[in-house]
Amino acid sequence: MSNKKTETVAAVDISDEKIHWKQDMSYGQYLALTDILSAQNPMSDQHDEMLFIIIHQTSELWIKLSIHELTAAIGHIKKDELGSAFKMISRIARIQEQLIQSWNVLSTMTPKDYLSFRDSLGQSSGFQSYQYRIMEFALGNKNKAMIKTHEAYPEIYEKVNAALHAPSIYDVTLGLLKERGFDVPDDILKRDLSEAYVADKRIEKIWNEIYTQSDKYFDLYELAEKLVDLEHRFQTWRFSHMKTIERIIGYRRGTGGTGGVSYLVKALDLQFFPELWSVRTHL
């Protein structure tokens, strides 16, 4: 006769719970889950294409939230409401952790897995993500050539072009420094905002003063460090992207016509807030 004990799992008693079985607004309705969960439409019968689609769709949702937070943070910095801006910038940094982790999930896909459905993508590419471009412009990496890929879609082109000409988070930060009494040159504040920002020794000098007198300018010092953290995580995301692509397709050209890994490597050399990095050398 067996001495093994039989274990039973009791059902959870919900008789005393005040559950609303009939709702005017259900969880699924509030989140539009029918639309969201029906948006995954693989173009092939290959198993891993579903992973590829979901990773990129969820990334676009995280980027949408990043733009939402970044836009609000820019508005608060303009109004010298740094406490609220700090919260939003910190949230973006946490979102970036999710985006970095998404590459780790995608890296479970082998080269053979990807090549089995790659032709189904046609010329579609992450390079064409207009949300990514809007976020990048808001961070300060302005490049007029990058909006050409959206010319065929007027509504999207208008949004991306508006982001190109709008002040970046660094532009409004420099404007705040001016408002606080620092000698930020007018030729920097009144420059063509659609052009990439170029590092300037005069701005580095201002940040040097803020860093060396951090007790006096602590909120500006904290803002600088929040921006450095933001760029650091963004570059980590870029690096993870590059290494994941290298792992899956090697040095093949990208589906959108870019050089693939070689293009992503070049992007790692770009900086959004150059003086916040160079000032460290001279402190």
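Start by selecting Asp171 and Arg191: the two form a salt bridge, and their closest N and O atoms sit 2.7 Å apart. You are looking at a predicted model, so keep that in mind as you click along.

Now colour by secondary structure. Asp171 belongs to helix α8 (residues 169-179), while Arg191 lies in the loop between α9 and α10, so the pair links distant parts of the chain, 20 residues apart. Are these two residues buried or exposed? Asp171 has a relative accessible area of 11% and is buried; Arg191, with 18%, is buried as well, because the cut-off for that class is under 20%.

While salt bridges are on screen, select Asp80, Arg180 and Asp219. Bridges with shared partners join these three residues into one network.

Next, go to Lys144 and Glu195. Here is another salt bridge, with 3.2 Å between the closest N and O atoms. Where does each partner sit? Lys144 is in the loop between α6 (130-139) and α7 (154-165), and Glu195 is in the loop between α9 (186-189) and α10 (201-212). The two are 51 residues apart, so this pair too links distant parts of the chain.

Then select Lys79 and Glu81. Their salt bridge has its closest N and O atoms 4.0 Å apart. Lys79 counts as exposed, with 54% relative accessibility, because the exposed class begins over 50%. Glu81, at 32%, is partly exposed. How many salt bridges does the model hold by this rule? The count is 17.

The last stop is a pocket. Select Ile36, Leu37, Ala39, Gln40, Ile54, Gln57, Thr58, Glu60 and Leu61, and you have the lining of the second largest pocket. Its volume is about 200 Å³. Two elements, α2 (33-37) and α3 (49-78), each give two or more residues to this lining. Which of them gives the most? That is α3, with five residues.

Key: Residues are numbered from 1 along each chain as its sequence is written. This is a predicted model: local features need pLDDT of at least 70, side-chain atom pairs count only at pLDDT 80 or more; totals for chains, interfaces and linings use all residues. Side-chain values use heavy atoms; hydrogens and water are left out. A salt bridge is a side-chain nitrogen of Lys or Arg within 4 Å of a carboxyl oxygen of Asp or Glu. Buried means under 20% relative accessible area, exposed over 50%, partly exposed in between (1.4 Å probe, protein chains only). Helices (H or I, at least four residues) and strands (E, at least two) are DSSP runs, numbered from the N terminus. On a 1 Å grid over the protein atoms alone, a cavity is a set of points where a 1.4 Å probe fits but cannot get out, and a pocket is an open set with protein on both sides within 12 Å along at least five of seven lines; lining residues have an atom within 4 Å of a point. Grid points are joined across faces, edges and corners, and a volume is the space filled by probe spheres set on the points.
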